[in-house]
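User: Please take a close look at one part of this model. I want to know how a few of its residues sit and what they touch.

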Amino acid sequence: MKEMRDKVMEFLREHLEIDEFTLQDCNFMPGGVFVKDREGKSMLFFYDFKKDKVDYWFGDEK
């Protein structure tokens, strides 16, 4: 599980200025991290082991 979290965090560092966001653990998804912006909008980043890549959901998606 730590390897998946490391991959998610590496992805976030490469694609976002993570200092500008609030990060919160999401333990029910592999490597899951909620990322919230200053307006309160959020995305969930996680490791999809079937696709072997980091994936994400926007706050208004199912």
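Analyst: V8 is buried, because its relative accessible area is 0%; buried means under 20% relative accessible area, with a 1.4 Å probe and protein chains only. This is a predicted model, where local features need pLDDT of at least 70, side-chain atom pairs count only at pLDDT 80 or more, and totals for chains, interfaces and linings use all residues. Residues are numbered from 1 along each chain as its sequence is written, and side-chain values use heavy atoms, with hydrogens and water left out.

V8 lies in helix 1, residues 2-15 (helices are DSSP runs of H or I with at least four residues, strands are E runs of at least two, numbered from the N terminus). Leaving aside neighbours within four places in sequence, V8 is in contact with G31, V33, F45, F46, Y47 and V54. Contact means heavy atoms within 4.5 Å.

Now D55. D55 sits in strand 4, residues 53-58. D55 is buried, with a relative accessible area of 15%. Beyond four places in sequence, D55 is in contact with L44, F45, F46 and D48.

D48 belongs to strand 3, residues 42-48. D48 is buried yet has no salt bridge (a side-chain nitrogen of Lys or Arg within 4 Å of a carboxyl oxygen of Asp or Glu). The nearest side chain of opposite charge to D48 is K51, 4.1 Å away; Lys and Arg count as positive, Asp and Glu as negative, and His and the chain ends are not counted. The backbone nitrogen of K51 lies 3.2 Å from a polar atom of the D48 side chain.

Terms used: Buried means under 20% relative accessible area, exposed over 50%, partly exposed in between (1.4 Å probe, protein chains only). A polar contact is a pair of N or O atoms within 3.5 Å; within protein, one must be able to donate a hydrogen and the other to accept it, and residues adjacent in sequence count only if both atoms are side-chain atoms.
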